[in-house]
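Here is a quick tour of a protein chain for someone who likes to know the cut-offs behind the words. Have the viewer open and follow along.

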Amino acid sequence: MSHALARTNTALWWIACLLVCVLYLVTVPRLWQCEGVDEIEYLGLAHSMARGYGYTLYGEPYVYYPPLFPALLSTVMRWNVAAWRWMYAANALLGLVGLVVGATWLRRFGRLGVWAGWASLFAYYAWSFSTRYLLSEPLFFALSVSMIILVWQVLERNRCSIPEGFLIGVGALLCAMTRFGAVALLGG
């Protein structure tokens with residue numbers, strides 16, 4: 001009986017994840033709806049990179065934001081097909097990857113972890129900016145969750161292989177290239 005219930009609960013979990021993802025992607029804006037300076041600067045940097053002007057803003061070298069997120073936006077801009085819709089969708093997908101991977105991982109920690117997974121799955125949309133603004137938080141979230149899970153696995157085994165160590169280093173570097181606050185990860 002409990003095995004069938006566990007299977008149903010797992011099926012219910014993945015159905016809920018799918019429905020949340022569909023809802024999330026359906027609500028992605030079709031047009032630019034900027035309401036903040038950060039988004040304007042990310043888009044300006046992406047535009048400069050897409051046009052071959054390097055990491056500049058209004059013709060001047062830029063050092064305030066790390067380059068990974070604007071570089072990804074510039075890739076979408078180069079495709080030049082409904083760029084706004086695709087940039088918002090790509091940003092939402094990054095957040096969804098972090099959400100589903102992280103919330104699913106939480107479920108491995110017993111009953112409390114299962115509740116935390118459900119709470120995470122349904123609370124993310126309310127506070128996430130990734131359907132409303134083009135900000136680097138969803139990319140940082142997906143990268144951070146992935147690195148936390150990998151480091152947790154290494155610490156659980158108390159052994160780190162060379163490929164895992166390389167992935168952790170590259171992941172921490174990518175996090176730092178997304179949000180400067182991640183530089184603390186490199187010290188760990």
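Of the 188 residues in the chain, 40% are buried, where buried means under 20% relative accessible area, exposed over 50%, and partly exposed in between (1.4 Å probe, protein chains only). Keep in mind that this is a predicted model, with local features needing pLDDT of at least 70 and side-chain atom pairs pLDDT 80 or more, while totals for chains, interfaces and linings use all residues. Residues are numbered from 1 along each chain as its sequence is written, and side-chain values use heavy atoms, with hydrogens and water left out.

The chain has eight helices and two strands, in the order α-α-β-β-α-α-α-α-α-α from the N terminus. Helices (H or I, at least four residues) and strands (E, at least two) are DSSP runs, numbered from the N terminus.

Now for the packing. The table takes two helix pairs, with axes fitted to C-alpha atoms (for helices over the stretch in contact) and angles from 0 to 180 degrees between N-to-C directions.

| Helix pair | Angle | Axis distance |
|---|---|---|
| α4 (residues 83-106) and α6 (residues 137-157) | about 30° | 7 Å |
| α6 and α7 (residues 162-176) | roughly 150° | within 10 Å |

That makes α6 roughly antiparallel to α7, whereas α4 and α6 are roughly parallel; the labels need angles over 145 and under 35 degrees, respectively. α4 passes α6 in a left-handed crossing, and α6 passes α7 in a left-handed crossing too. Left-handed says that the near helix is turned anticlockwise from the far one by less than a right angle.

Asparagine 158, in the loop between α6 and α7, has a positive phi of about 60° and is exposed at 71% relative accessible area. Tyrosine 58 sits in the loop between β1 (56-57) and β2 (60-61); its phi is near 55°, also positive, and at 69% relative accessibility tyrosine 58 counts as exposed.

Is tryptophan 118 buried or exposed? At 16% relative accessibility, it counts as buried. Tryptophan 118 belongs to helix α5 (residues 110-127), and its C-alpha is 8.4 Å from that of arginine 107, 11 residues apart along the chain.

Finally, Leu18, Val22 and Val26 make a nonpolar surface patch of about 290 Å². Patch residues have over 30% relative accessible area and no salt bridge, and nonpolar side chains are joined within 5 Å. Valine 26 is in helix α1 (residues 2-26) and is exposed at 59%.

Conventions
Patch = residues over 30% accessible without salt bridge, like charges linked within 9 Å, V, L, I, M, F, W, Y side chains within 5 Å. Areas by Shrake-Rupley, 256 points an atom, 1.4 Å probe, with all protein chains shown as cover. Salt bridge = Lys/Arg side-chain N within 4 Å of Asp/Glu carboxyl O. Parallel < 35°, antiparallel > 145°, perpendicular 65-115°, else oblique.
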